[in-house]
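Biologist: I'd like to talk through this structure with you, one question at a time. Shall we start?

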Amino acid sequence: MMRASKKERVGGGVRGFTLAETLVALLLGWGLSYVALSTFARQRTLQAGMTRRAEALAAVRTTRNVLHAETRVGDAERDGWSLASDSFGIRAFRGTALVCPLAEASSEIVVQVRGTRLPDASKDSVLVVGESGMAGALGLDFRTAAEGGCPGGPEGRLERWRLSGEVSPGAVLARYFERGSYHLVNGALRYRRGAGGRQPLTPTVFDDRASGFEDRDGVVAVRLRTKPWDGDAPPWPGLLFHAGLERWP
Amino acid sequence: MRSQPHAERGAALVVAVLLVLALALLAHGTLLLAQQELAASRSSLRLLQANSAAEAASRIGMETPMPARFSETPVWDWIPLSSTTLETGVADARLLRLSREHWLLEGTGRSGPGAWMSQDNRLVWILDSAARVGSFTGVVEVGRDAPVAVLGNVEAGHLRRDVAPLDPIPCRPWSAVLDSLFELAPLPAIGTVEASPRGEPSLGLLGAAELVEWIPASVDGVGTPEPREELGRCLMEDPWNWGDPDRPDRPCGAHLAGRTARGDLSVEGGVGQGLLVALGDLRMSATRFHGILLVGGRLELQRGAEVVGLARASGGIEIDATSSFVGSGCRALRALEGLRMTLGRPLAVPAGRFGPP
């Protein structure tokens with residue numbers, strides 16, 4: 001009888017792992033997986049934190065830029081500022097019109113408009129600037145293209161406005177505005193135009209209890225504090241800036 | 001017999017590659033987030049710099065001397081004022097004439113490679129000689145209900161042209177202007193205005209404080225104005241040298257003085273021309289003066305005093321029988337034109353500042 005081939009004897013392949021080799025392989029695999037997955041998880045947490053921080057920074061930046069733009073050269077009386085702890089009402093000016101010289105008092109004026117948007121007769125009012133400074137606010141009832149231009153006046157696209165009251169000769173500028181208000185409620189800075197809804201301008205990151213507006217001796221200040229997350233304290237305590245009378249020397 | 005080749009199986013490498021890929025994507029996302037934050041912060045900084053540059057432009061424009069012939073700028077024309085390169089941007093200022101005396105001072109600031117732009121606009125008032133002369137309601141204006149005691153002569157008939165013995169030659173440059181001011185609406189001898197508080201004469205929007213600040217040469221107490229010259233030069237720095245109205249060919253003939261008195265002032269004799277501002281009472285005794293008198297208190301002309309021009313006295317006027325006041329639009333206009341560089345500066349209109357239109 002012939003002896004079985006080596007191959008047959010050993011079963012046709014590499015066989016057999018010792019227990020030690022198995023354990024080492026398992027440990028190595030587990031270790032690598034643990035490191036990889038924990039790194040992955042930490043990275044995800046870090047990114048989530050950075051995203052929330054970026055949102056908060058963007059909200060603070062937006063709030064500052066928007067309010068600063070509205071009030072940088074503001075005047076409390078002229079601009080009709082009204083202050084509550086969570087809201088700030090203003091005349092939001094949207095443009096300036098050069099007024100064609102008037103021969104006599106009239107409720108119709110011809111103007112050349114310059115602004116961030118065109119005036120809207122359904123919601124805008126006008127502050128007429130006369131020879132001694134500001135006059136009272138008038139409603140903008142109607143506007144149309146001006147036929148005939150402005151003899152001796154500004155060139156370019158001209159409009160004819162009908163206002164709710166008469167404008168005296170000597171008026172030189174007319175600034176059109178909408179009545180609006182900024183609110184720090186429900187975690188975000190929101191803008192309300194007239195009696196409309198409050199539209200959010202920022203992500204909802206603010207702590208309502210610790211954020212708001214305040215009057216400091218006639219100067220408007222805004223206080224911002226973002227909500228803490230995951231039990232951590234917010235990265236900054238707040239931001240204050242003053243929007244008030246810019247006094248010239 | 002040959003042995004079977006090795007058959008390596010397993011997903012470890014694939015898993016490792018996928019994990020590394022996921023980590024790389026996360027890291028890339030984080031990097032993008034950081035870069036966006038940096039860009040946003042940089043934009044905010046540029047905007048702030050532009051705002052500051054615009055405000056700087058507006059302030060520089062307020063302090064920049066007006067161009068020589070700015071008063072001839074047609075309404076609705078722009079004139080450049082200044083362009084300043086700052087460390088963080090560029091500040092440009094220009095003026096748009098809205099009416100005879102109202103201008104729009106536009107300060108524009110630019111910052112950064114993307115040229116962030118901001119504006120700081122200001123409604124300003126700049127004295128116009130013709131407008132000021134045309135604003136008088138009488139040869140002599142007094143405050144409402146202020147006492148008026150005129151025993152001498154107040155003439156209002158020659159506002160447009162000076163007549164002999166006055167030399168009409170200095171008035172020729174303003175013939176057309178004077179005609180436009182007084183041809184259809186000649187002034188009465190005495191006019192009234194709403195009385196300003198005592199001690200606060202004004203000239204348009206130029207109040208007492210501005211007049212005292214902008215006209216630094218001051219006099220007080222009692223004095224006699226006389227033309228003073230040395231080696232062919234008019235000593236204009238002498239506070240009691242008020243020019244020489246009688247000898248226009250002399251060195252002091254063209255000197256139109258601006259003087260202020262913070263209290264009462266008594267002028268004894270002498271001659272002068274220009275603009276005299278007295279916050280208190282002004283008494284002129286045997287003095288001849290050509291130009292404009294602005295008096296916060298009471299104006300008294302005595303002992304043959306003669307004034308040619310226009311006057312405003314909040315506290316009233318007293319002219320004795322030997323003195324006279326001759327209304328002259330020319331002399332008034334000439335006085336203000338002579339002080340154009342001093343008084344022709346932008347004055348901010350209250351509550352007239354605003355941002356981009």
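Biologist: Which residues does B:Leu105 touch, not counting residues up to four places away in sequence?
Modeller: Keep in mind that this is a predicted model. B:Leu105 lies in strand β3 of chain B. Its contacts there are B:Ser58, B:Gly61, B:Met62, B:Leu81, B:Ala93, B:Arg94, B:Leu95, B:Asp120, B:Asn121, B:Arg122 and B:Val124, leaving out residues up to four places away in sequence.

Biologist: Is B:Leu105 buried or exposed?
Modeller: The cut-off for buried is under 20% relative accessible area. B:Leu105 comes out at 0% relative accessibility, so the call is buried.

Biologist: How far apart in space are B:Leu105 and B:Ile79, C-alpha to C-alpha?
Modeller: Along the sequence, 26 residues separate B:Leu105 and B:Ile79. In space, C-alpha to C-alpha, the separation is 9.8 Å.

Biologist: Which strands of the open sheet of 5 strands in chain B stand at the edges?
Modeller: The order in that sheet is β1-β2-β3-β4-β21 (chain B), and the pairing is antiparallel. An edge strand has a single partner strand, so one side of it is left without a neighbour in the sheet. That applies to β1 (78–86) and β21 of chain B.

Biologist: And by how many degrees are neighbouring strands of this sheet turned against each other on average?
Modeller: Direction is ignored for this one.

Biologist: Which residue in β21(B) is the bridge partner of B:Asn121?
Modeller: Strand β4 (residues 116–125) of chain B is joined to β21(B) by 4 bridges, and the two run antiparallel. Within β21(B), B:Asn121 has as its bridge partner B:Phe354.

Biologist: Is B:Gly352 buried or exposed?
Modeller: B:Gly352 sits in strand β21 (residues 347–354) of chain B. Its C-alpha atom is separated by 17 Å from that of B:Leu127, 225 residues apart along the chain. With a relative accessible area of 1%, B:Gly352 is buried.

Biologist: Which helix lies across β1, β2 (89–97), β3 (102–111), β4 and β21 of chain B?
Modeller: The helix in question spans residues 12–63 of chain B. Its direction is at about 145 degrees to β3(B). That's helix α1.

Biologist: Which residue in β13(B) is the bridge partner of B:Gly221?
Modeller: β9(B) pairs with strand β13 (residues 265–268) of chain B over 3 bridges, in the parallel sense. The partner of B:Gly221 in β13(B) is B:Leu265.

Biologist: Which residues is B:Ser324 in contact with, leaving aside its neighbours within four places in sequence?
Modeller: B:Ser324 is in strand β20 (residues 324–327) of chain B. Its relative accessible area is 17%, so B:Ser324 is buried. Its contacts, with those sequence neighbours left aside, are B:Asn153, B:Leu301, B:Ala305, B:Glu306, B:Val307 and B:Ile319.

Biologist: Which residues make the contact between α3(B) and α5(B)?
Modeller: Helix α3 (residues 175–182) and helix α5 (residues 329–338) of chain B pack at about 120 degrees, with their axes 10 Å apart. That makes α3(B) oblique to α5(B), and the crossing is right-handed. The contact residues are B:Val177, B:Leu178 and B:Phe182 of α3(B), and B:Gly329, B:Cys330 and B:Leu333 of α5(B).

Biologist: How many residues of α5(B) are buried?
Modeller: The buried residues of α5(B) include B:Arg331 and B:Arg334. The helix is largely enclosed by the rest of the structure, because the buried count for α5(B) is 8 of the 10 residues.

Key:
Residues are numbered from 1 along each chain as its sequence is written. Chains are lettered from A and ligands numbered from 1 in the order in which they are written. This is a predicted model: local features need pLDDT of at least 70, side-chain atom pairs count only at pLDDT 80 or more; totals for chains, interfaces and linings use all residues. Side-chain values use heavy atoms; hydrogens and water are left out. Axes are lines fitted to C-alpha atoms, for helices over the stretch in contact, and angles run from 0 to 180 degrees between N-to-C directions. Angles under 35 degrees count as roughly parallel, over 145 as roughly antiparallel, 65 to 115 as roughly perpendicular and the rest as oblique. A crossing is left-handed if the near helix is turned anticlockwise from the far one by less than a right angle, and right-handed if clockwise. Contact means heavy atoms within 4.5 Å. Buried means under 20% relative accessible area, exposed over 50%, partly exposed in between (1.4 Å probe, protein chains only). Two strands pair if DSSP finds at least two bridges between them.
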